Amino acid sequence: PELATSDSPTQRVGAAAAGPLSDVEHRVPMLSLSNAFDDEELRAFDVRVRKGLGLAEEDEPPRYVAELKIDGLAISLRYESGRFVLGATRGDGRTGEDVTANLRTIEAIPQVLPEPLTLEVRGEVYMPKAEFARINAEREEAGLPCYANPRNSGAGSLRQQDPNVTAGRNLALWCYILIEEDAPATTQSAALERLEALGFPVQPDHAAGLDIDGVIEFAERWREPRHDLPYETDGVVGKVDDIGQQARLGMVSRAPRWAIAYKYPPEQVETVVEDIVPYVGRTGTLTPVAHLQPVLVAGSTVARATLHNLDEVRRKDVRIGDRVVLHKAGDVIPEVVRSLPEHRLGSEREFEMPIVCPECGAPVVQDEGEVRHRCSNPFCPAQVIQGLSHFVGRGGMDIEGAGFAVLEQLLARELVRGPADFYRMRVDDLVVLDRFAQKSAENLVAAIDRSRRRPLARILAASGIRHVGEQTAIDLALWIAAEWPRADGESEAAWTRRVAEALAETDAARFEAVPGIGGVVAASIGRFFDDPNTAGLLAELAEAGVVAIPPEVSGSGADEGPLTGKTVVVTGTLEGFDRKSAEAAVRSAGGKASKSVSRATDYLVAGENAGSKLAKAQDLGVEVLDESAFRYLLGEGASTGTSSAETSSTEVPPEAG
């Protein structure tokens, strides 16, 4: 054993990890890229580069390298004295996951370099199309559901806790960044050559010495041929070739000013609407869904696409029998883009919303001023199962193993009629379910037991009160805790029962006093606690052994924090926060984290790809903060960032290489 070396072929596959993947802090942040979607946005990028470098129109234009954008998972590889010692995913840009053992199984990654160098290499791990097809064929033969696309399959394969699983997936790699301290390359094109010389795989279809017209021509040249490559690409990356110029340009937010990703538009295909069927959701809303002639789009077969509501059906003029254009919004969600009326034969039919619920036969109603149509029966079977699914889901009580198929069986056998019934179930009740054995029944009961103690806001959000999402549930929970504070020595269980009884007896108008919510939401909360079918839900849960953790309403500093009384919206991608942690930081600082921009919004925190919320905030004159200014408001030190009220910004050093 003492003679074993880390680069030995026998070390490429190891034992399964003892637990979840550990965190790795990147020495140099792994930046993401700003996006361009047409030629004009690429030219605007070139104008910004010229301005950042102080180049006049008559000066020599900057030179770019154009590389195909690989649709995979970004990783970093660290080498010390020429040996591969650490591999990590990109994560949030500053901290990733340690996947060293899994990366050792990828044959393309050299374990030892030809020179005893200390450096870092970055690239993209991907699953080849042929490997993706092979795995799906095996899963189909075994009766298992097929994977959706190579990118997600590759990312999931690399993040396995057992390297043997990764080894069986035949992942591949292209490298494109070299961070070498001793003798750094002076250009990106030279860095690519250096990577090849060191034995790293470099995507061969790149071009250097281009002006912006050359980058545009490169992107256009690959628009169609990219589909014939043995791996997925979703665009072209243009980079300033001179690394000294890269350093002068620096970065903004979490993206470099010297590079941009040109994204090809979503793949669009034509298909036929065979039917439009209304589906009933947990609040009774009838959503028209287009049943399509199955068609392959962006790597998976699509046979359904939501049409949202009757107004949307009419706006797009989609009819049963129509030929339509389909794409995946964000490369994920199937969306009918438009109908093609020029292909109509005269047999097409307009969709009409039914006057009775297709699930229970109750009247369908449309509330005044609303676009939605809904089933008027609160006991509609479709609403019941959707409501239970919401209750046990991750945003609610988070009961692992209580999927839709399990819920259908529990309802069919009348083991569950409402949320409180979950907490009365025993192992003996569950072993009779299809595909359940003693162990799976024990696991589900254990998951139910783990969910018995949850924050009051989570319980309220899980309860299915219309218009009450995560933030409103937090606002409501804080108000409840202030109205009925927990007494000294009172147990959480006793407080839960007392609050449940008080809410069931509270006058509906009283909820208008809840800070941070408007009249429509207050009325909805009031109806929930006034309706005999729902008013007693919290009391039933308490009786079944569910305990609500009261929120801290004093002593935490949140009620007198730096954002007290301020409404903050977070949008886009931030470097040091995901969306939930950013909103939690707002609440911890005493502010309200809202989902939508309005005249009541005090600040919009805008990260990369901020989108329509940023445009709306600018139209309304809402102050816009970058991440650094946001951290300053939170009290995390001096600001180096900008807000829309400032006129200058502080340079941030770029990523090397």
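In this predicted model, Asp-39, Leu-42, Arg-43, Phe-45 and Asp-46 of helix α1 meet Ile-212, Asp-213 and Ile-216 of helix α7. The residues that form this contact divide into four nonpolar and four charged, with no polar residue among them. The protein chain that holds this helix pair has 657 residues, of which 47% count as buried, and its secondary structure comes to 21 helices and 28 strands.

**Geometry of the α1 and α7 pair**

- Two packed helices are described by the angle between their axes and by the distance between those axes.
- For helix α1, which covers residues 39-53, and helix α7, which covers residues 212-221, the axes come within 10 Å and cross at roughly 150 degrees.
- Because angles over 145 degrees count as roughly antiparallel, α1 is roughly antiparallel to α7.
- The crossing of these two helices, α1 and α7, is right-handed.

**Nonpolar cores**

- The largest nonpolar core holds 59 residues, and the members that touch the most others are Ile-399, Leu-410, Phe-422, Tyr-423, Leu-430, Ile-480 and Ile-525.
- Helix α15, spanning residues 470-483, supplies the largest share of this core, with seven residues.
- Apart from this core lies another one, of 36 residues, which includes Val-65, Leu-103, Ile-106 and Val-202.
- Tyr-423, when its neighbours within four places in sequence are left aside, is in contact with Phe-391, Met-397, Ile-399, Ile-448, Ser-451, Arg-452, Leu-541, Ala-544 and Val-546.

**Ala-462 and its surroundings**

- Ala-462 lies in helix α14, which runs over residues 456-462, and this alanine is buried, with a relative accessible area of 2%.
- Not counting residues up to four places away in sequence, Ala-462 touches His-390, Phe-391, Gly-396 and Met-397.
- Ala-462 and Gly-393 are 69 residues apart in sequence, and their C-alpha atoms are 8.0 Å apart in space.

- His-26 has its place in the loop between strands β1 (23-25) and β2 (35-36).
- Because its relative accessibility is 7%, His-26 counts as buried.
- With neighbours within four places in sequence left aside, the contacts of His-26 are Ser-76, Ala-88, Thr-89, Arg-90, Gly-93, Arg-94, Thr-95, Gly-96 and Arg-122.
- Leu-249 lies in helix α8, residues 243-249, and counts as buried because its relative accessibility is 4%.
- The C-alpha atom of Leu-249 is separated by 5.8 Å from that of Gly-52, although these two residues are 197 residues apart along the chain.

**Helix α19**

- In helix α19, which covers residues 579-588, the buried residues are Ala-582, Glu-583, Ala-585, Val-586 and Arg-587.
- These buried residues of α19 pack against α15, β25 (567-571), β26 (592-594) and α21 (627-633).
- One of these partners, α15, is also the helix from which the largest share of the 59-residue core comes.
- Following α19 is Gly-590, whose phi is positive, near 95 degrees.

Terms used. Residues numbered from 1 in each chain as written. Predicted model: local features only at pLDDT ≥ 70, side-chain atom pairs only at ≥ 80, totals over all residues. Heavy atoms only, no water. Core = buried A, V, L, I, M, F, W, Y, C linked by side-chain atoms within 4.5 Å. Buried < 20%, exposed > 50% of the residue type's maximum accessible area, 1.4 Å probe, protein only. Helix = DSSP H or I, 4+ residues; strand = E, 2+ residues; numbered from the N terminus. Contact = heavy atoms within 4.5 Å. Axes fitted to C-alpha atoms, helices over the stretch in contact; angles between N-to-C directions. Parallel < 35°, antiparallel > 145°, perpendicular 65-115°, else oblique. Left-handed = near helix turned anticlockwise from the far one by under 90°. Nonpolar A, V, L, I, M, F, W, Y, C, P; charged D, E, K, R; others polar.
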